[in-house]
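Here are some friendly notes to read alongside the model. Please keep the structure open as you go through the points.

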Amino acid sequence: MPTRVNRQTVDLSVYPDLLVLYLGMRVNRLYGIRTFFSFGRKISESVAGKPDGLLLHEPVYYSFFPMNMGMRQYWRDLPSLLAFARSEPHRQWWLDFLRDSGGTGFWHETYSIKGGMEAVYDDVPKPLGFGRFAGIRRARGPMFGSAARLGRSDGDSPVLSETDLYES
């Protein structure tokens with residue numbers, strides 16, 4: 001017997017600067033399983049601390065082969081997200097990962113209620129998400145930081161600079 005659908009929606013007007021992030025880590029090599037699980041613990045601990053501006057953190061399973069799992073996060077605004085990303089230990093994890101991905105790849109896609117979307121794919125061997133239809137380019141210069149890729153000036157400089165990564 002058919003049942004009537006209970007159709008609901010949400011009022012996001014109280015979140016005028018909302019950002020939604022999808023993040024993922026993909027195992028590229030067998031030894032990447034260790035990296036994958038170590039980052040999972042670190043991230044769980046960091047979000048358990050309830051960073052200011054993080055509204056919700058949810059695990060997401062993309063695929064089991066290749067192993068590609070991650071999370072979806074809802075942030076109040078870009079300044080809150082960037083403050084978290086610049087804080088320790090997150091900043092150091094990011095720098096360490098970008099110097100050696102440990103047999104994994106990492107990616108994120110950001111969607112802003114104000115408009116604008118951006119993504120970055122680090123050591124991801126096959127395009128996914130936006131990269132499957134929009135094409136891939138190097139994340140250098142104005143494409144290096146997420147705020148600039150979103151077309152936003154309220155992010156100031158990237159969490160890590162190109163100098164931090166490539167000249168240290």
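1. The second largest pocket holds about 350 Å³ of space. On a 1 Å grid over the protein atoms alone, a pocket is an open set of points where a 1.4 Å probe fits, with protein on both sides within 12 Å along at least five of seven lines; its volume is the space filled by probe spheres set on the points.

2. This is a predicted model: local features need pLDDT of at least 70 and side-chain atom pairs pLDDT 80 or more, while totals for chains, interfaces and linings use all residues. Numbering starts from 1 along each chain as its sequence is written, and side-chain values use heavy atoms, without hydrogens or water.

3. The lining of the second largest pocket (residues with an atom within 4 Å of a point) has 18 residues, with G40, I43, M69, G70 and M71 nearest the centre. Two or more residues come from each of β1, α1 (32–48), β2 and β3 (67–75), and α1 gives the most, eight. Helices (H or I, at least four residues) and strands (E, at least two) are DSSP runs.

4. Five strands make an open antiparallel sheet, ordered β2-β3-β1-β4-β5; strands pair if DSSP finds at least two bridges between them. Because β2 (54–64) and β5 (117–122) are at the edges with a single partner strand each, one side of each has no neighbour in the sheet.

5. β4 (residues 104–112) pairs with β5 over six bridges, antiparallel, and F106 faces D122 in β5.
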